[in-house]
Amino acid sequence: MKSILSKPSEGASGLTGMWRIKRPIMDTDKCNMCMLCWLYCPEGTITKRAGGKPRIVYEYCKGCGICAEVCPSKAIIMLRREKGAVDR
Amino acid sequence: MSSVLTIKDLTEEEFTLPGNAACPGCAAALSLRIALKVLGPKTIMIVPASCISVIQGYYPKTPCRVPVLNVAFASTAAAGSGAVAALELKGKSGVKVLCWAGDGGTADIGLQALSGAAERNENMIYVCYDNEAYMNTGTQRSGATPRAAFTTTTVTGKLERKKSVPEIMIAHRIPYVATACAAFPLDFASKLKRAESMPVRGLKYIHLLSPCPPGWRFPAEKTVEVGKLAVMTGMWILYEWYDGGYNLTGPSKALLEKSRRRPLKDYLSIQGRFGHLKEEDLESLQRDVDEHWEEFSKKLGIRA
Ligand SMILES: Cc1ncc(C[n+]2csc(CCOP(=O)(O)OP(=O)(O)O)c2C)c(N)n1
Ligand code: SF4
Ligand code: SF4
Ligand code: SF4
Ligand SMILES: [Mg+2]
């Protein structure tokens with residue numbers, strides 16, 4: 001019997017970073033590595049880089065702004081993209 | 001709760017891959033991400049029609065790195081029971097069955113299958129992520145929609161009260177019942193950990209409040225704040241029930257005294273779905289919360 005199975009893959013619904021209206025920008029100097037942004041990001045688009053500081057994966061980050069809200073050090077700001085510009 | 005997990009206890013490995021169909025700020029997507037970190041790759045998910053069935057993706061790609069069985073709306077717990085039986089027949093141990101259904105799929109259409117599975121005490125975990133309406137089809141009211149909330153089928157506010165599925169599950173005397181809230185992911189993770197590591201076989205049920213930006217009408221970045229306020233105002237109580245007794249968990253532990261709770265208005269006023277309420281409606285809903293706590297406090301410390 002032939003079976004049809006979906007395969008696990010990033011971007012199952014495309015490059016969801018294209019949905020973004022605001023872009024989270026992280027100031028790693030202010031970051032205390034608490035990893036709350038990583039914990040709360042619904043997308044899993046915050047990863048840990050070598051040295052322990054978080055990094056945002058912009059291909060898929062939807063720009064929800066949760067990371068900026070939960071950051072206790074105010075190390076993340078949300079920057080609105082310019083009209084007509086595509087934020088990748 | 002004996003052990004509360006910390007951020008460091010959660011694996012960095014992701015089992016829901018980025019780039020899925022969830023709305024920005026979706027608490028259900030956040031919670032599923034956390035849940036699979038706790039349960040790990042040896043998990044089979046059973047998902048009925050819901051937002052998660054959309055998030056879980058269309059052929060040929062899925063964000064889920066565990067097997068997912070997509071089933072008809074009413075049948076989550078029945079399909080989960082079947083998966084448990086199949087695993088047993090094949091002699092496969094160590095594989096967890098996780099039923100993951102919405103409030104419509106749990107409190108309404110899936111309740112019969114869930115009650116049957118609870119009565120048979122099937123060996124699986126059932127999480128109801130409760131966004132308090134049928135969100136995937138455009139915000140129709142469910143049995144779990146709270147009183148007074150706007151939905152597209154309760155345009156002047158729902159008249160009836162929220163149905164308590166966790167209390168219904170406690171009445172089945174299964175080994176473990178808990179409530180959780182997506183804004184407290186470590187509390188939720190700890191409860192899942194307890195549910196999966198209980199030596200006793202049987203159904204473990206977690207009812208997870210899951211704020212939904214488009215359905216509750218608040219901006220996506222406020223998901224965590226809204227969820228926290230649900231708990232801090234006492235609108236949503238975090239507890240566990242096992243061995244015949246209740247325990248408050250997380251911030252709810254400190255909220256038995258009314259003066260410690262935030263005014264309910266703080267929670268309602270930041271959501272568009274309660275935007276039509278007048279002062280007297282707010283007072284009436286506040287009385288509901290106070291009465292609920294009074295009723296609830298009587299159950300604490302009672303070991304049946
Ligand atoms: C028998 C049946 N009736 C109706 C539907 C249409 N339907 C699909 S998802 C859904 C809403 C599910 O609501 P809920 O369980 O609360 O999950 P949510 O979408 O809120 O995540 C409905 C009504 C269906 N798929 N099957
Ligand atoms: S929440 Fe803020 S301080 Fe904490 S790790 Fe993220 S960026 Fe750094
Ligand atoms: S904006 Fe939202 S999706 Fe993007 S990194 Fe922050 S929390 Fe994740
Ligand atoms: S409608 Fe609500 S629950 Fe459904 S995907 Fe969007 S935010 Fe999540
Ligand atoms: Mg729902």
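Trainee: What should I know before we start?
Mentor: This is a predicted model, in which local features need pLDDT of at least 70, side-chain atom pairs count only at pLDDT 80 or more, and totals for chains, interfaces and linings use all residues. Residues are numbered from 1 along each chain as its sequence is written, chains are lettered from A and ligands numbered from 1 in the order in which they are written, and side-chain values use heavy atoms, with hydrogens and water left out.

Trainee: Okay, how many cavities of 30 Å³ or more does a search of the whole structure find?
Mentor: The search turns up 2. A cavity here is a set of points, on a 1 Å grid over the protein atoms alone, where a 1.4 Å probe fits but cannot get out. The volume is the space filled by probe spheres set on the points, which are joined across faces, edges and corners.

Trainee: And what volume does the largest cavity have?
Mentor: About 110 Å³. It is lined by 15 residues, and A:C41, A:T45, A:C61, A:C64 and A:C67 are the closest to its centre. Lining residues have an atom within 4 Å of a point.

Trainee: Which ligand takes up that space?
Mentor: Ligand 3 takes the largest cavity; the test is that more than half of a molecule's atoms lie within 2 Å of the grid points. There are 13 residues around ligand 3, and A:C41, A:C61, A:C64, A:G65 and A:C67 come nearest. Being around a ligand takes a heavy atom within 4 Å of it.

Trainee: What about the second largest cavity, how much space lies in it?
Mentor: About 90 Å³. Of its 15 lining residues, A:C31, A:C34, A:C37, A:P54 and A:C71 are the closest to the centre. Ligand 2 takes that space, and the residues around ligand 2 include A:M33, A:M35 and A:I76.

Trainee: Are B:N131 and B:A133 buried or exposed?
Mentor: Both are buried, meaning under 20% relative accessible area, with exposed over 50% and partly exposed in between (1.4 Å probe, protein chains only).

Technical notes: On a 1 Å grid over the protein atoms alone, a cavity is a set of points where a 1.4 Å probe fits but cannot get out, and a pocket is an open set with protein on both sides within 12 Å along at least five of seven lines; lining residues have an atom within 4 Å of a point.
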